[in-house]
Amino acid sequence: MMKGTSASAGIGIGKAVIVEEAQLVIEHRAVADASAEKDRFQKALEKAKEETEALARDLATRVGEKEAEILNGHLMLLGDPMLTGEIENVIAAESVCSEMAIENVCNMYADMFASMGDELMQQRATDMRDIKTRMQKILLGVKSVDIAALPAGTVIVAKDLTPSMTAGINPKNVTGIVTELGGKTSHSAILARALEIPAVVAVENFLSKVQDGDDIVLDGSEGIVIVNPSQEEKEEYQAKREAYLKEKKELEQYIGKPTITKDGVQVELVANIGKPEDVDKVLQYDGEGVGLFRTEFLFMDRTAMPTEEEQFEAYQKVAIAMNGKPVIIRTLDIGGDKEIPYMGLEKDENPFLGYRAVRFCLDRKDDVYKPQLRALLRASAFGNIKIMVPLVTCVEEYRQVKALIEEIKEELDSKKIAYNKDIQVGIMVETAAASLMADAFAKEVDFFSIGTNDLTQYTMSVDRGNDKVSYLYSPLNPAVLRSIRNIIQCGRKENIMVGMCGEAASDPMMIPLLLAFGLNEFSMSASAILNARKLITGYSVAELQEVADKAMSFVTTEEVENYMKEFISK
């Protein structure tokens, strides 16, 4: 039995098919005619675009627009004049072949993205290497592995799967995926989840322990892989597979049901999204609204800032699709670790404590913040949009944003442009400062949304991306729980809505505590909604008070975790 990272839930049983891409040998070959070589590069570039477009169209038809967006991101990179122009410059300046120019330029960008340390930027690095290989294969006449033609009952085994390889998979024939590299948030993992194929990634040295045709059993929920399992193990995992599929089917009965506890407390179950296309999944899983629309995704994968009109159309699309249900849109949260090259941000020594989110936006009112706020206000005429301000640490920041919104409202009034005059403006409570001042904030803001990922990081002074200190990173830490309870109490005292949009909102160990604390709104990935509804409708808030009191009496994370595990196992 080997352990990796759980990337896509479910049980996969089948025969190993090792997928190895041909190792490309890129030679530093001089060219006499740079102009002819540029033409050769342009032809390969056009063919790469055609192939990627075909893959994206196929994925959009089979899986959905949202998943196809990953490959549309590749198309944007292939169409980026900065990237292609740089490749042509290298061909001309160094009289070198296209393959080598692509190698040097794409690697430079990929290394730059990878060094940023942010998961999103790591994805850009993977995407950059994917398009690099695609163009080089075309130039070298190397055929890609036809991943769509794999036999039924295949468990794909690979060093790593690029997004374009994963996009070509036929889920009817592929029962699982195991890779040596990759992470839970990699684009390949996202596609595996969308295709509903169980996947385990980051299994160390796996290729040295498996051969083509070996029997494989994998548990994508637990991150476990077994090569050539015993008959007993096969039967055990077959039973687990059937139980998993049965439970998944049973969750469908919660579609259309209200999210009400046994003692009649109603809460909202909403979803986190990154792009307008994600709304399809929210509706599919019966989300009661959008609790977090991360607008920074509209600013990424491009060479210039989206215009006010482009932003307006994106926000309007979501508002209309949600048909009057609440849509909380977070204003731009970039800077620090989320770098966007065209914004001209200097690299911060300590990105998480640096020039980011509302700090950056208030400093760039005219060119960045006002167009976004104006787009949000205009879109509010088409649905129930609420504006959320991230990384607020002091009341003055919120007041500045409010003043800016009032200023834009006056502009819109003078031009007779429609908007929701009573639009709600709230804050994301994700810093220790905002938590300590929650009583003061609750008197001024329209709602709270607790961002547990950052709140945990800042409360515990722990970089969540650092493995050496990750043991400290838990929302079940007593300090974090006290902070969450205080925020909710302060909000409830002033009768404002208190939601949560961090990962803790869908954690089965956190849900009973959050209900007992009085959380109004739970926001999570769309696919987690039905399971959360099942859990919530099975609890009585009155009975959970005792559970919460007991949990809050502990002083270590381990004690809280053990107690909550025992409680939910009953």
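Tutor: The model is predicted, so local features need pLDDT of at least 70, side-chain atom pairs count only at pLDDT 80 or more, and totals for chains, interfaces and linings use all residues. Residues are numbered from 1 along each chain as its sequence is written, and side-chain values use heavy atoms, with hydrogens and water left out.

Student: Why are H21 and H22 called roughly antiparallel?

Tutor: Helix H21 (residues 541–551) and helix H22 (residues 557–569) pack at about 155°. Angles over 145 degrees count as roughly antiparallel. H21 and H22 are therefore roughly antiparallel to each other.

Student: Which residues of H21 and H22 make the contact?

Tutor: Contact means heavy atoms within 4.5 Å. H21 gives Leu544, Glu546, Val547, Lys550 and Ala551. H22 gives Val560, Tyr563, Met564 and Phe567.

Student: How do you know that S3 pairs with S7?

Tutor: Two strands pair if DSSP finds at least two bridges between them. Five bridges join S3 (residues 11–18) to S7 (residues 215–219), and these strands run antiparallel. Gly14 stands opposite Ile216 in S7.

Student: What joins S3 to S4?

Tutor: Four bridges join S3 to S4 (residues 154–158), and the two run parallel. Ile18 has Val157 of S4 as its bridge partner.

Student: What makes Ala202 buried, partly exposed or exposed?

Tutor: Buried means under 20% relative accessible area, exposed over 50%, and partly exposed in between (1.4 Å probe, protein chains only). Ala202 has 29% relative accessibility, so Ala202 counts as partly exposed.

Methods: Axes are lines fitted to C-alpha atoms, for helices over the stretch in contact, and angles run from 0 to 180 degrees between N-to-C directions. Angles under 35 degrees count as roughly parallel, over 145 as roughly antiparallel, 65 to 115 as roughly perpendicular and the rest as oblique.
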